[in-house]
Amino acid sequence: MPTTNHEALEREFDYVTNPVEEKHIRSLYEGQDPLMHEIAYALITGNDGDVASLVAKGLEEGWSANDLLDNGLIAGMAIVGVKFRDNIIFVPEVLISARAMKAGMAHIEPILSASGVEPIGTVIMGTVKGDLHDIGKNLCIMMLRGSGFVVEDLGVDTKPEEFIDAVVEHEAKILGMSALLTTTMPNMGRVIEAFEDEGLREEVSIMVGGAPVTQEFAEDMGADGYGENAISAVDLAKEFAGVVNSSESTT
Ligand code: B12
């Protein structure tokens, strides 16, 4: 079993008791630079100051924003998720880790969002009604902006009429919705129905994502695309906008 070479971080794996889950999460850490492990550990323990300075240090040392995000911040959040689900930690601790994630993302954002190209199109993005999770949505937004899209961020807990108003106001052809709760996933379908009721469904391509969302669920509710991560959000948006050769330019 690969180890992380970081005693305190190694102890965090004691909380991951499901062998399949442990194998998966260890694969996120395996072979990564100690800096990524330090970032993950600082995120797990909610140390926003350390996360911010380690991410800044990583960028100075030449690590890519994507490396720091995937192998540091998101790897750390995977363990936070398991501890939260298994009642090892509770909402306050997760909020502290979320704050640490945002402290790291603040350094990454200018890089992911820096785009010298002409805007490809406008995307409306929001987390659906009843759902307050925004970390994944915000990552998608950073990547979309970095790929040349103008993004209107509607934030969290977004009602169907707010999505409709934003699409109309900004004459957007692309809409992205995020949901992290099984209880709020159906609200994506309600937004799609609201667009149908207003006679606007044909005007906009709709993509959906978020940890519990699947391709099958997306198809069932009538979305035009499902993306499992921020890179696929960009790929889908480019496909909707008619831009070819998308994946090569985003990786
Ligand atoms: C952080 C977190 C919180 C924070 C959120 C802070 C914030 N500002 O976002 C807080 C503490 C507020 C929170 C609250 C709750 N949470 Co919570 N939370 C999490 C946690 C640990 C991490 C989520 C996260 O940020 N992941 C990292 C990001 C990068 O990943 P992501 O969101 O999946 O996004 C990626 C992709 O999905 C995709 N994507 C996302 N959106 C979109 C959109 C499009 C268009 C596309 C293409 C792609 C895409 O791209 C992103 C980047 O790669 C998850 C566990 C987990 N591992 O998912 C639980 C989790 C989602 N929460 C859960 C629960 C139960 C709750 C609460 C109900 C707890 C409670 N009892 O109060 C509340 C609900 C509050 C509400 N009304 O929304 C459960 C959901 C269970 C379920 N089956 O529904 C989870 C799975 C934890 C668990 N294992 O039990 N939570």
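Predicted model: local features only at pLDDT ≥ 70, side-chain atom pairs only at ≥ 80, totals over all residues.
Two residues are taken to be in contact when their C-beta atoms, placed from the backbone, lie within 7 Å. Helix 3 spans residues 34–44, and nine of its 11 residues are buried, so the helix is largely enclosed by the rest of the structure. The buried residues are Met36, His37, Glu38, Ile39, Ala40, Tyr41, Ala42, Leu43 and Ile44. Helix 3 is followed by Gly46, which has a positive phi, near 70°.

On the side of helix 6, the contact is made by Ala98, Met101, Met105, Glu109, Leu112 and Ser113. Helix 7 contributes Ile135, Asn138, Met142, Met143, Arg145 and Gly146. By class, the residues of this contact comprise seven nonpolar, three polar and two charged.

The strands form an open sheet of five, in the order 2-1-3-4-5, with parallel pairing. Strand 2 (149–153) and strand 5 (225–226) are the edge strands, each pairing on one side only. Strand 1 (residues 121–127) is paired in the parallel sense with strand 3 over five bridges, and its parallel pairing with strand 2 also runs over five bridges. Ile124 has a bridge partner in each of these strands: Leu175 in strand 3 and Glu152 in strand 2. Strand 1 is mostly covered, with six of its seven residues buried.

Helix 7 lies across strand 1, strand 2, strand 3 and strand 4, and runs at about 155° to strand 2. Helix 11 also packs on the sheet, where it touches strand 1, strand 2, strand 3, strand 4 and strand 5. The direction of helix 11 makes about 170° with that of strand 4.

The ligand is surrounded by 38 residues, of which the closest are Gly81, Arg85, Gly136, Gly209 and Gly227. At least two residues of this shell come from each of helix 5, helix 6, helix 7, strand 3 (174–178), strand 4 (205–209) and helix 11 (230–241). Helix 5 gives the most, with six residues. Sorted by class, the shell around the ligand consists of 22 nonpolar, 12 polar and four charged residues.

Pro186 has 13 C-beta neighbours inside 10 Å and so counts as partly exposed. Its C-alpha atom is separated by 9.9 Å from that of Val213, which is 27 residues away along the chain. Val191 is buried, because 25 other C-beta atoms lie within 10 Å, and the cut-off for a buried residue is 20 or more. Apart from its neighbours within four places in sequence, Val191 is in contact with Val128, Pro160, Phe163 and Met177. Between Val191 and Cys140, which are 51 residues apart in sequence, the C-alpha to C-alpha distance is 19 Å.

Backbone angles were also considered in two loops. Most residues other than glycine have a negative phi. Asn87 is not a glycine, yet its phi is positive, at about 60°. Asn87 is placed in the loop between helix 5 and helix 6, and it counts as exposed because it has 7 C-beta neighbours inside 10 Å. Glu171 likewise is not a glycine and has a positive phi, of about 50°. Glu171 is found in the loop between helix 8 (160–170) and strand 3. With 10 C-beta neighbours inside 10 Å, Glu171 therefore counts as exposed.

Methods:
Residues numbered from 1 in each chain as written. Helix = DSSP H or I, 4+ residues; strand = E, 2+ residues; numbered from the N terminus. Nonpolar A, V, L, I, M, F, W, Y, C, P; charged D, E, K, R; others polar. Buried ≥ 20, exposed ≤ 12 C-beta atoms within 10 Å, placed from the backbone. Near = placed C-beta within 6 Å. Pairing = 2+ DSSP bridges. Axes fitted to C-alpha atoms, helices over the stretch in contact; angles between N-to-C directions.
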